[in-house]
Amino acid sequence: MPNSQTSHIRINPNRLRADFDALSQFGATASGGVNRPAFSPAHLEMRRWFHEKARQAGLEILSDGAGNHSARLRCGPDGAKYLLMGSHLDSVPDGGRYDGALGVLAALEVLRTVQEQRLKLPYHLEAIDFTDEEGTLVSFLGSFAFCGLLTAADLEKPRGDPQALAEGLQRAGLTHESILAARRDPAQLAGYLELHVEQGSRMEKAGVQIGAVTHIAGIRFFRLTYTGSPGHGGTIPLEERRDAAWGASAFTLAVREIVMGGFPECFANVGRVEYRPGFFNTIPQQAELALEFRSPDPDQFDRLEQALFENAREQAQRFKLELNIEFIGKRDPARMDARIVSAVRESAAALGLSCTSIISRAGHDAQALATICPTGMIFIPSQGGLSHSPLEYTRWEDCVNGANVLLQTVLRCANLDLSS
Ligand code: GLV
Ligand code: MN
Ligand code: MN
């Protein structure tokens, strides 16, 4: 497989479109995007919608102790493993409609297509929606728990607001204990496939329809806190101040220069700065920065970390501040399974679609799954490279192409002995 009997099989684009449009209503914003942070009422509502759709299709439904939601189709022999497909239904605040949601819906559509065609595969299929991929609470909460990578410390010191995490868990009926017990036995998994929008502009610029992801860049995130002295913003001479905002600002600009100057494959972002006390006329005593940086290569990653923190300390010295650097979490760079990458390329070619090998600069649940089973990702172009924005957009025909490549890759994987 695919053979002459299955290579013509396609997903149902109208059904996928209807699902996509319905799903885009959950947490819809006036700006055309969606606001569905993990465990928000809109997020929980859409998860119920997903299970209801699966139930209507006659699929089995499942949720685990980390809140991961699945639909399952038994299309393999008794005792067969599950080939998992999916992504995430949560979004960043004021995010786009495609990021994550398309991958989950395409996975569900593949299950329904295989079911309708009564195909027998060497594995069962499972479409999964992983919890909190975007990290408004913990980051990769669901897929890390699923893969046994989540620690109690990740939950006790989340990268988001601990209160929001506690309230979200209560709304979802989950506990730290249930999350930490949600590990799935890797021996039950044949592999993992994820369809996603590129979230960059490389494919659009190259005019290519399908991306066969070969690697996913790693991410490290830290909280940096500069501490100085508060005081009257109108009376204390500038040269006597210990102004935390100056250290934070100088460091933020230096981040750009360090990355642009010496790390061409890397990215960094200071996504939030909070000044305390935070008044017009009070010198900020404290400035807390949310820093993350990314690299596809472990060596560059270490060198970048060193360069960033060296500069952070220099700014502390320059402005007579104290500096605390707190490690929050990391996602290691991941390599996709070479056999699945080839299967994606072959599926695209068989469908008459242009295809390129590509490194993912964004993080994905596939990064966690790659640590426990053969994993692959399929990218489709993002218009203007926009993502984490209500303006995120991918042409519908690209979405359908991606879903068909996902389907054909599932069929093609039947020829691979993924357990070896
Ligand atoms: C997830 O979208 C990430 O790349 O941070
Ligand atoms: Mn995503
Ligand atoms: Mn995202």
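This is a predicted model: local features need pLDDT of at least 70, side-chain atom pairs count only at pLDDT 80 or more; totals for chains, interfaces and linings use all residues.
Residues are numbered from 1 along each chain as written, chains are lettered from A and ligands numbered from 1 in the order written, and side-chain values use heavy atoms, without hydrogens or water.

An oxygen atom of ligand 1 lies 2.7 Å from a polar backbone atom of Gly363. For the side chain of Glu134, the distance from a ligand 1 oxygen to an N or O atom is 3.0 Å. For the side chain of His388, it is 3.1 Å. Ligand 1 alone exposes 200 Å², and the protein buries 91% of that (Shrake-Rupley areas, 1.4 Å probe).

## Ligand 1: shell

Glu133, Glu134, Arg294, Ala362, Gly363 and His388 surround ligand 1 (a heavy atom within 4 Å). By class, this shell has three charged, two polar and one nonpolar residue.

## Manganese site

His88 (NE2), Asp99 (OD) and His196 (NE2) coordinate the manganese ion (ligand 2) at 2.0 to 2.2 Å. Donors are N, O and S atoms within 2.8 Å of the metal (3.2 Å for Na, K and Ca); water is not among the atoms, so sites may look incomplete. The donor spacing in sequence is H-x10-D-x96-H.

Asp99 also coordinates the manganese ion (ligand 3). The two manganese ions are 3.5 Å apart.

Definitions and conventions. A polar contact is a pair of N or O atoms within 3.5 Å; within protein, one must be able to donate a hydrogen and the other to accept it, and residues adjacent in sequence count only if both atoms are side-chain atoms. Ala, Val, Leu, Ile, Met, Phe, Trp, Tyr, Cys and Pro count as nonpolar, Asp, Glu, Lys and Arg as charged, and the others, Gly among them, as polar.
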